[in-house]
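Please have the sequence and the structure in view while reading.

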Amino acid sequence: VQLQASGGGLVQPGGSLRLSCVASGTFFRVDHVDWYRQAPGKQRDLVASLTSGGSINYADSVRGRFTISRDNSKNTVYLQMNSLEPEDTAVYYCHVYGTIYGTASINYWGQGTQVTVSS
C-alpha cells in the first residue's frame with residue numbers, strides 16, 4: 001500500500017487549503033492516521049492525529065484552525081487548514097500506523113506535499 005498526498009500549494013495568510021492522502025490499497029487494520037509537517041531546517045512534527053477509536057489530537061499551534069478527518073469509503077484522510085499563517089509553511093506528510101496483513105502494525109508514509117503561506 002502506498003500513500004499519495006496532494007492539495008498543497010501557495011496561499012495567502014488567512015487562506016485555506018485541504019490536503020488529501022489516498023491509500024492505494026486496503027489496510028487490514030489502521031491504529032491511527034496522522035499529518036506531520038517539516039519546515040526547512042526543522043524536525044518533522046506531528047500536526048494532527050486521528051485514532052481508530054475516533055480520538056483526535058492537534059498540535060497547540062494548529063488547534064482551532066486545522067481539522068483532520070477520514071473517509072473510509074475512499075481510503076482517504078484529509079487535513080482542512082483554515083486561517084493559514086506563514087508559520088504553517090512546510091512540507092506536509094500523511095502517516096498511517098497500521099497493517100495490511102493482520103500482523104504487527106508498521107509505519108506508512110506519504111511522499112509529502114508543500115504548503116507555502118505567503119503574501
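In this predicted model, S7 and S8 form a hairpin with four residues between them, and Asn75 in the turn has a positive phi of about 50 degrees. Strands, like helices, are DSSP runs numbered from the N terminus (E, at least two residues, for strands; H or I, at least four residues, for helices). The model is predicted, so local features need pLDDT of at least 70 and side-chain atom pairs count only at pLDDT 80 or more, while totals for chains, interfaces and linings use all residues. Residues are numbered from 1 along each chain as its sequence is written, and side-chain values use heavy atoms, with hydrogens and water left out.

**The sheet**

Two strands pair if DSSP finds at least two bridges between them.

| Strands | Sense | Bridges |
|---|---|---|
| S3 and S8 (residues 76–81) | antiparallel | six bridges |
| S7 and S8 | antiparallel | six bridges |

Individual partners can be located in S8. Val77 is the bridge partner of Cys21, Thr76 is that of Val22, and Gln80 stands opposite Thr67. Five of the six residues of S8 are buried, so this strand is largely enclosed by the rest of the structure. Buried means under 20% relative accessible area, exposed over 50%, and partly exposed in between (1.4 Å probe, protein chains only).

**The disulfide**

A search of the whole structure finds one disulfide, defined as a pair of cysteine sulfur atoms within 2.5 Å. Cys21 and Cys94 form this bond, with their sulfur atoms 2.1 Å apart. Cys21 lies in strand S3 (residues 17–23) and Cys94 in strand S9 (residues 90–99), so the pair ties together parts that are 73 residues apart in sequence. The disulfide is right-handed because the torsion about the S-S bond of Cys21 and Cys94 is about 60 degrees. Both Cys21 and Cys94 are buried.
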